[in-house]
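Please consult the sequence and the structure shown below while reading.

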Amino acid sequence: AVVLEMAGLDTSDTSNGEIAFSAAQVFFAIVVALDTSHRFGRRPLLITSCVGAGVSMVGMSVFVSADNGDGTLIAMVCFIGFITLGLSSLSWPYASEVMPLPIRGQAMSLATVLFWFFTWATVEYFIQMVEAFGEATVFMLYAAL
């Protein structure tokens, strides 16, 4: 909601945006659950997910800087779709398959701690980063990561 408000949408449009965002996440989670990863393979889906998420973040940067709320919403829905299609659903089984068996437990524990730490840091410091650098710059930074 904060991002959509920054992009110039009013409160009712922001609520509709949140619904669209959630619907996209559910839709792509179901698509992945329906054997997409077996049909296309995990690696191509992870690569597509990373590239698509990065392009969506660039789109969010462009649309936020242009105060285009509808474009920002479309970029957000694309972002969550790409993330859900690969990174959020396939990275865990993929990582567990490539970790050597003797250290798999410790390595997955470390990966989980790092994942949640960076998720927390992203949420915790988003507003401060926007205030310091501006919305467009923050989204470009996220795209680069």
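Does Trp120 count as buried, exposed or partly exposed? Trp120 counts as partly exposed, at 44% relative accessibility; buried means under 20% relative accessible area, exposed over 50%, and partly exposed in between, with a 1.4 Å probe and protein chains only.

## Basis of the model

This is a predicted model, in which local features need pLDDT of at least 70 and side-chain atom pairs count only at pLDDT 80 or more, while totals for chains, interfaces and linings use all residues. Residues are numbered from 1 along each chain as its sequence is written, and side-chain values use heavy atoms, with hydrogens and water left out.

## Aromatic pairs

The structure holds eight aromatic pairs. Rings of Phe, Tyr and Trp (its six-membered ring) pair if their centres lie within 6.5 Å; planes under 30 degrees apart count as stacked, over 60 as edge-to-face and the rest as tilted.

One of the pairs joins Phe117 and Phe118 edge-to-face, at 5.1 Å centre to centre with 75° between the planes. Trp120 and Tyr125 also form an edge-to-face pair, with 5.7 Å centre to centre and 85° between the planes. These four residues, Phe117, Phe118, Trp120 and Tyr125, form one aromatic cluster.

Phe117 is partly exposed, with a relative accessible area of 42%. Tyr125 is partly exposed as well, at 40%.

Phe117 is found in helix H5, which covers residues 104-133; helices (H or I, at least four residues) are DSSP runs, numbered from the N terminus.

Note on methods: Helices (H or I, at least four residues) and strands (E, at least two) are DSSP runs, numbered from the N terminus.
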